[in-house]
Amino acid sequence: MGTIKSDLCSEIHGDVGDKTYRTTKAGKVTVNNKAALPTFRDEEVKDERDKRISGFGGCSHMSYVVGDAIMLGFPPVKRGEKPLGKFMKYNAVTLCKVTTNEKGKFVWVYDFPGMVVSKGNLLDIEVTATFDEESGVFMFKQEEDDRAGSRAKLDDMVYAFVLDGTNEIGELVPMRTRAESGSTSFSVPRKWDKNNLFVYVFTVSKNKWRVSNSTCIYPAS
């Protein structure tokens, strides 16, 4: 590795030819040989590597679909933490698997029931979801929870996130506080695929600093 001190530019990053340039925090420019692409004797090993990388890409893609949920569900604990990074931490390995179609192209296959859109230590709340296919309406029934303490407050807010896995679109549905009980309805948009719907429920503190783990409550299985 070589270092450069230049009066012509204060920073330089990226690849030029077979060299990679980086600028350190101290202002020095380092020069390294560009990393070579890996070679594989076994084509199956390469294929599995490519599928794994594509699966990470599929997971990242889904983070934008559920963006409204993870903005609440992954509050920063450390400086610089972002919802996308925390979403990838809990979903990158499990959410998206990759298969090949008849043309040999990669296809993303999602484990939506196992997807995590919120992660924390607040106590969750009992919520059930029923869906009327004829009217296209979800009915969420929330049970009153009077627990209070270090892991629960009466003013914790409950949210549902409804996902159409086919069209890759979703909507955040605010419900009630922990201390309340009642029903909340949600009309599924007409163009959504009513045969591929998923509902996740989680709880958020009033100051939005703490959350519960998300639970997929629909489909019930």
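The model is predicted. Four strands form an open antiparallel sheet in the order S10-S9-S12-S13, and an open sheet of three strands has the order S7-S8-S11. The structure holds four salt bridges, and salt bridges with shared partners join Asp145, Arg147, Asp156 and Arg178 into one network. The largest nonpolar core has 24 residues.

**Four-stranded sheet**

- The order of the strands in this open sheet is S10-S9-S12-S13, and the pairing is antiparallel.
- S10 and strand S13 (215-218) are the edge strands, each of them pairing on one side only.
- From one strand to the next, the twist averages 30 degrees.
- S9 runs antiparallel to S10, and seven bridges join the two.
- S9 also runs antiparallel to S12, here with eight bridges.
- Asp164 stands opposite Ile169 in S10, and its bridge partner in S12 is Leu197.
- The hairpin of S9 and S10 has four residues between the strands, and in this hairpin Glu168 takes a positive phi near 55 degrees.

**Three-stranded sheet**

- The open sheet with the order S7-S8-S11 has antiparallel pairing.
- Its edge strands, strand S7 (127-132) and strand S11 (182-187), each pair on one side only.
- Neighbouring strands of this sheet are turned against each other by 20 degrees on average, direction ignored.
- Strand S8 (residues 137-142) is joined to S7 by six bridges, and the two strands run antiparallel.
- Across this pairing, Ala129 stands opposite Phe140 in S8.

**Salt bridges around Arg178**

- Asp145 and Arg178 form a salt bridge in which the closest N and O atoms are 2.8 Å apart.
- Asp145 lies in the loop between S8 and strand S9 (157-164), while Arg178 lies in the loop between strand S10 (169-177) and S11, so this pair ties together parts that are 33 residues apart in sequence.
- Both Asp145 and Arg178 are buried.
- Arg178 also meets Asp156 in a salt bridge, at 3.0 Å from N to O.
- This second pair links distant parts of the chain, with Arg178 in the loop between S10 and S11 and Asp156 in the loop between S8 and S9, 22 residues apart.
- Asp156 is buried, as is Arg178.
- The network formed by salt bridges that share partners consists of Asp145, Arg147, Asp156 and Arg178.

**Thr203 in S12**

- Thr203 lies in strand S12 (residues 197-204).
- Its relative accessible area is 1%, so Thr203 counts as buried, the cut-off being under 20%.
- Leaving aside residues up to four places away in sequence, Thr203 touches several residues, including Asp156 and Arg178.
- Other contacts of Thr203 include Leu122, Leu123, Asp124 and Ile125, as well as Arg210, Val211 and Ser212.

- In helix H3 (residues 83-91), the residues Pro83, Lys86, Phe87 and Asn91 are buried.
- These residues lie on the same side of H3, because they cover an arc of only 115 degrees around the axis.
- The side chains of Lys86 and Glu81 meet in a salt bridge of 3.8 Å, N to O.
- Lys86 counts as buried because its relative accessibility is 11%, whereas Glu81, at 26%, counts as partly exposed.

**Nonpolar cores**

- In soluble globular proteins, nonpolar side chains tend to be buried together.
- Within the largest nonpolar core, the residues that touch the most other members are Phe87, Phe112, Met115, Val117, Leu163 and Tyr200.
- Helix H1 (43-65), helix H2 (67-73), S9 and S12 are the elements that give two or more residues to this core.
- S12 provides the largest share, four residues.
- Apart from this core lies another one of 19 residues, among them Val173, Met175, Trp192 and Ile217.
- Phe112 touches Met62, Leu163, Gly165, Phe198 and Tyr200, residues up to four places away in sequence not being counted.

Notes: Residues are numbered from 1 along each chain as its sequence is written. This is a predicted model: local features need pLDDT of at least 70, side-chain atom pairs count only at pLDDT 80 or more; totals for chains, interfaces and linings use all residues. Side-chain values use heavy atoms; hydrogens and water are left out. Two strands pair if DSSP finds at least two bridges between them. Axes are lines fitted to C-alpha atoms, for helices over the stretch in contact, and angles run from 0 to 180 degrees between N-to-C directions. Buried means under 20% relative accessible area, exposed over 50%, partly exposed in between (1.4 Å probe, protein chains only). Contact means heavy atoms within 4.5 Å. A nonpolar core is a set of buried Ala, Val, Leu, Ile, Met, Phe, Trp, Tyr and Cys residues joined through side-chain atoms within 4.5 Å. The arc is that of the directions from the helix axis to the C-beta atoms.
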